[in-house]
Amino acid sequence: MTNPLLIPCRHPRFDEIRAEHAVPALEAILARAGEEVTALEASLQPTWEGLMAPLYRIHEPLDFAWSLVHHYLAVLNSPAWREAEEKLQPQVVAYSLRVSQSRTLYDGLCALRDSPAWDALSGPRRRILESAIRSARLGGVGLPPAQREEFAAIHRELAQAGTRFQNNLLDATKAFALELTAPEDIEGLPSSLLAAAAQAARAAGRPEASAAAGPWRVSLEASSFLPFMKYSRRRDLRERLYRAFVTRASEGDLDNQPLIARMLELRARMAAMLGFETYARMSLESKMAPGVEAVDALLQRLRAAARPAAIEDLKDLARACGGGNSAAAADIRLWDVAFLAEGLRKERYRFDDEDLRPYFQFERVLEGMFDLAARLFDVRIRPADGEVPVWHPDVLFFRVTDADGTPLASFYLDPFSRPETKRGGAWMNPFAPRQARDEGRVDLPVAHLVCNQTPPVDGRPSSMTPMEVTTLFHEFGHALQHLLTMVDEPEASGLHNIEWDAVEIASQFMENWCRHADTLRGLSRHADTGSPLPEDLLRAFLEARNFRAGSDMLRQLYFGILDMELHHRHRSDGHESVRAVEDRIAALATVIPRLPEDRSLCGFSHVFGGGYAAGYYSYKWSEVLSADAFAAFEEAGLDQADAQRRVGRRYRDTILALGGGTHPMDVFRAFRGRDPDPDALLRQSGLLARG
């Protein structure tokens, strides 16, 4: 049988792919790619057809196979996949650096940019060429030979460290659980959590477990951890779980602290070798933000509005718990906040998330989300399960068409938590781009959407919290930008080649619809009665839209400011430790002191196991633009169907269609007709008056 990783295609044979395919396939692909690059260097012409097009063709099989290796590590993690990735990663990094550091290829790229042929290139091709030149420069092409080798070694070590960081975090997360056995252990816990906790206990080897009688297993996975922290009346158990959460991957063989220190040191060294003052300045070379100063200004402006609001939020909790609550008014601890906040919201707005959960059934939420896409963007999404293989029985498959039935794209959705093998969080993988082929044929884009929401329990469909609904909409927004692109150049199609701090615009835009009355009506049907979300509950939910908005924003700002501080001002050989930096930033951007043993940085996978190093600010940078984009729909009238379709079509034709072929500021201006309003996010969050 042919190795399935050697057959690039839109819809791989997921039923045949195994970990043992990875090493032979990738080593064969890398060997062939190396030979083809050498041949290209010997014969290249500084034209698109003589350089850029063949270079993409060479890389296409590698992108396909390597993407699948990382996909399996994330969704079906196993020792065999880890071993394969560990063996292959140095080889892939070495090949990537061999290409990016090729002076012959770089000179060809520059020659094309400086030639008369530049004027004939389309806008997307110009952007692609400029990005390739910048990537080569940031890849060390200008370094002397000896330094190039050191630079390559740093890249290899950073890649290995990032993988180890993620694996340590996954292992540490699944290594801890609270097993509850007594009725007093579960005081306050909702039935949905008890059912899920009993199912987790059965999966862990307690076949007698039941929702009614236990035992119940509560883990550090978000779908278990968050509701426990909100509803458990057992302050001692909340404390145990919280302390375990903020110390994940911080000791023993799974300790990420040495990795963090080493990665910061290596990133700083890499930046210095390329002539940058700091890694943050190097990182922002390829981002939308014009510089560190602009990022600092945005984060501090938002902090100035959010921190006073967060202090008021804490005072609200203190007032609320002043009369006989388990936490004394003057002694609110970090493991009390979610519990007290949920109680205060229940008192103030007359609902909590568990009141809403029965109305948000997964299948109905999907239908409502797809109906919204049809109304706004004139596309149709239909289930197509069984038409292609999938990597797990939970995975769903969908096809996307235009309103007239013209095929546009397809995507997979892997919705449910699997703590033993699946990385936490949620993401969208732009697996296959839109791509023009010969004779006018176009290959259509394919996306992988992955979430970790509450799975079905005891044969009942998955019911979702509002946060899980919002997360699904967020990832769907990413997918729409990938799936509805009209750019035929794969290197600039969909999310490809979009500046990192602009990639969250479309995802955060979609979150706004989770707080829109008509959309919520379309998403909701009671699991047992089929009745719609009651109007009084709907109104209460909308009234609570900005409940604790200051606290929520401040939490994300803390991580964004900390990320920039570590990658711009911190010095590995200086007098201030990483821990001291955390404490200093916490004093600015938190309102309750951290625990002395807090090691949350060891779980900061965005920055140390993903692509957000010196880039976590991107969420807020993008959110300013997404808030302003949603304001266009508000100005048109959210209850005006024709106006919504017109604005939706303009949004589709600009933000969703233009991909990485146009600078994101120009894309935004094409949609909005002006520059972004810097106050849009504060206004949307109800914080402008405090700013």
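1. Is Cys 110 buried or exposed? The model is a predicted one, and in it Cys 110 has a relative accessibility of 12%. Cys 110 is therefore buried, since the class takes in values under 20%. Cys 9, at 29%, counts as partly exposed, because that class runs between 20% and 50%. As for disulfides, a search of the whole structure returns zero.

2. The whole structure holds 37 aromatic pairs. In one of them, the ring centres of Phe 64 and Phe 431 are 5.9 Å apart and the planes meet at 55 degrees, so the pair is classed as tilted. Phe 64 belongs to helix α2 (residues 48–75) and Phe 431 to strand β6 (residues 427–432), so this contact ties together parts that are 367 residues apart in sequence. Phe 64 is buried, with a relative accessible area of 7%, and Phe 431 is buried at 10%.

3. Another pair is made by Phe 370 and Phe 476, with ring centres 5.8 Å apart and planes at 50 degrees, so this pair is tilted. Here the partners come from two helices: Phe 370 from α15 (residues 362–377) and Phe 476 from α16 (residues 466–483), so the parts tied together are 106 residues apart in sequence. Phe 370 has a relative accessible area of 8% and is buried. Phe 476 is buried as well, at 0% relative accessibility.

4. Which residues form one aromatic cluster? The members are Phe 377, Phe 509, Trp 513, Phe 630, Phe 633, Tyr 651 and Phe 671.

5. Arg 238 places its charged end over the ring of Phe 339, at 4.3 Å from the ring centre. Arg 267 lies over the face of Tyr 279, and the distance to that ring centre is 5.8 Å.

6. The volume of the largest cavity is about 90 Å³. Its lining consists of Gln 481, Ile 498, Ala 502, Ile 505, Ile 655, Gly 659, Pro 664, Val 667 and Phe 668. Helix α25 (residues 664–672) gives the most to this lining, with three residues. By class, the lining has seven nonpolar residues, two polar and no charged.

7. On open space, the second largest pocket contains about 540 Å³. It is lined by 26 residues, and those closest to its centre are Ala 196, Ala 200, Ser 219, Ser 417 and Pro 419. At least two lining residues come from each of α6 (145–175), α7 (191–203), β2 (216–219) and α8 (222–231).

8. Which element gives the most to the lining of the second largest pocket? That element is α7, with seven residues. The lining of this pocket divides into eleven nonpolar, nine polar and six charged residues. The lining of the largest cavity, by contrast, has no charged residues.

How values were computed:
Residues are numbered from 1 along each chain as its sequence is written. This is a predicted model: local features need pLDDT of at least 70, side-chain atom pairs count only at pLDDT 80 or more; totals for chains, interfaces and linings use all residues. Side-chain values use heavy atoms; hydrogens and water are left out. On a 1 Å grid over the protein atoms alone, a cavity is a set of points where a 1.4 Å probe fits but cannot get out, and a pocket is an open set with protein on both sides within 12 Å along at least five of seven lines; lining residues have an atom within 4 Å of a point. Grid points are joined across faces, edges and corners, and a volume is the space filled by probe spheres set on the points. Helices (H or I, at least four residues) and strands (E, at least two) are DSSP runs, numbered from the N terminus. Ala, Val, Leu, Ile, Met, Phe, Trp, Tyr, Cys and Pro count as nonpolar, Asp, Glu, Lys and Arg as charged, and the others, Gly among them, as polar. Rings of Phe, Tyr and Trp (its six-membered ring) pair if their centres lie within 6.5 Å; planes under 30 degrees apart count as stacked, over 60 as edge-to-face and the rest as tilted. Buried means under 20% relative accessible area, exposed over 50%, partly exposed in between (1.4 Å probe, protein chains only). A charge sits over a ring if NZ of Lys or CZ of Arg is within 6 Å of the ring centre and within 35 degrees of the ring normal. A disulfide is a pair of cysteine sulfur atoms within 2.5 Å.
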